[in-house]
Amino acid sequence: MGNIKETITKLVFEIKPLFQLANWILESRSKTPGGTVVKNNGHARLIKDFSGTGNLVTIEKGCTLLDTKIRIRGNNNRISFGEGCIVGEGCSFWMEGNNIRIEIGKDSTFTGTVHVCAQEDGSRVVIGEDCMFSYNITVRTSDSHPVYDVETGLRVNPAKDVVIGKHVWIAPDSKIMKGVTIGDESIIGSDTIVTKDIPAKVLAVGHPAKVVRENVRWTRESLY
């Protein structure tokens, strides 16, 4: 009897790590119709809505994504969350088209209800390291519907990339429109619509955004 118990105990301790490894593999790399999610020790509760082939979502170590919706329509699209990113509830990341890229630098944070939408083939949204997004923010590469010149019949509103530099703070209710580059360390004030490039280390506010102060810097310290 003792030998049987010893044998069973030995088997349990030998097999348990294999089960743990299998669970880790299943958790860290999950395939769903239309795409693959790779979690490199990142934690994520995702609401996945994929359609297409060859799509990939990568979540690096130290990330926390809470009920984040990822919607993909198309093929060979990529979205990556760098190390230490935090994404609050109600945020969504959409890719509609083929060969689209959304790249989020490490330690960037999204408080909640941030919507990043990269539409049309080859579009890109690039967000640098240590960016701080508040809530009710929209980032877009496209108008979602075409506009044509009446005389020529040519489309006049093509998609354009969005590039946000390192350590950029975007305050509540702001909109970052297509074709915009925001320089490192800048601040986009509340309820601002950014339609043109913003240089580095400035505060910009308004409809549309205008630089109201230069040579500024900001930190993540709370003022309470």
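This is a short chat about a predicted model of a protein chain.

Visitor: How many helices and strands does the protein chain have?

Guide: The protein chain has 1 helix and 20 strands. This is a predicted model, so every value here is computed.

Visitor: What share of the residues is buried?

Guide: Buried residues make up 41% of the 224 residues in the chain.

Visitor: And which residues touch the most other members of the largest nonpolar core?

Guide: Those are Phe81 and Phe133, in a core of 43 residues. Strand E10, residues 109-119, supplies the largest share of this core, with 4 residues.

Visitor: What is Phe81 in contact with, leaving aside its neighbours within four places in sequence?

Guide: Its contacts include Val57, Ile59, Cys63, Leu65, Ile70, Val87, Phe93 and Ile104. Thr58 and Glu60 are also among them.

Visitor: Now aromatic pairs. How many does the structure hold?

Guide: There are 4 aromatic pairs. One of them joins Phe110 and Phe133, and this pair is stacked, with 4.7 Å centre to centre and 20° between the planes.

Visitor: Which strands do Phe110 and Phe133 lie in?

Guide: Phe110 is in strand E10 and Phe133 in strand E12, so the pair ties together parts that are 23 residues apart in sequence. Both Phe110 and Phe133 are buried.

Visitor: What about Trp169 and Trp218, how is that pair arranged?

Guide: The Trp169 and Trp218 pair is tilted, with 5.6 Å centre to centre and 50° between the planes. Trp169 sits in strand E14 and Trp218 in the segment after strand E20, so this pair ties together parts 49 residues apart in sequence.

Visitor: Are those two buried or exposed?

Guide: Trp218 is buried, because its relative accessible area is 5% and the cut-off for buried is under 20%. Trp169 has 31% relative accessibility, so it counts as partly exposed.

Visitor: Which residues do ring pairs link into a cluster?

Guide: The cluster consists of Phe81, Phe93, Phe110 and Phe133.

Visitor: Changing topic: which residues lie nearest the centre of the largest pocket?

Guide: Met132, Trp169, Thr219, Arg220 and Glu221 do, out of 14 lining residues. The pocket holds about 280 Å³ of space.

Visitor: What kinds of residues make up that lining?

Guide: The lining divides into 7 nonpolar, 4 polar and 3 charged residues. Strand E12 gives the most to it, with 3 residues.

Visitor: Where is Gly183?

Guide: Gly183 is in the loop between strand E16 and strand E17. Its relative accessibility is 14%, so Gly183 counts as buried. Not counting residues up to four places away in sequence, Gly183 touches Val168, Ile198, Pro199 and Ala200.

Visitor: What is the phi of Glu185?

Guide: Phi of Glu185 is near 70°, a positive value in a residue other than glycine. Most residues other than glycine have a negative phi. Glu185 lies in the loop between E16 and E17, and at 27% relative accessibility it counts as partly exposed.

Visitor: And what about the phi of Asn215?

Guide: Asn215 has a positive phi of about 55°, although it is not a glycine. Asn215 is in the segment after E20 and is exposed, with a relative accessible area of 73%.

Visitor: Last one: what kind of peptide bond joins His207 and Pro208?

Guide: A cis peptide bond, with omega about 0°. Most peptide bonds are trans. Pro208 lies in the loop between strand E19 and E20.

Methods: Residues are numbered from 1 along each chain as its sequence is written. This is a predicted model: local features need pLDDT of at least 70, side-chain atom pairs count only at pLDDT 80 or more; totals for chains, interfaces and linings use all residues. Side-chain values use heavy atoms; hydrogens and water are left out. A nonpolar core is a set of buried Ala, Val, Leu, Ile, Met, Phe, Trp, Tyr and Cys residues joined through side-chain atoms within 4.5 Å. Buried means under 20% relative accessible area, exposed over 50%, partly exposed in between (1.4 Å probe, protein chains only). Helices (H or I, at least four residues) and strands (E, at least two) are DSSP runs, numbered from the N terminus. Contact means heavy atoms within 4.5 Å. On a 1 Å grid over the protein atoms alone, a cavity is a set of points where a 1.4 Å probe fits but cannot get out, and a pocket is an open set with protein on both sides within 12 Å along at least five of seven lines; lining residues have an atom within 4 Å of a point. Grid points are joined across faces, edges and corners, and a volume is the space filled by probe spheres set on the points. Ala, Val, Leu, Ile, Met, Phe, Trp, Tyr, Cys and Pro count as nonpolar, Asp, Glu, Lys and Arg as charged, and the others, Gly among them, as polar. Rings of Phe, Tyr and Trp (its six-membered ring) pair if their centres lie within 6.5 Å; planes under 30 degrees apart count as stacked, over 60 as edge-to-face and the rest as tilted.
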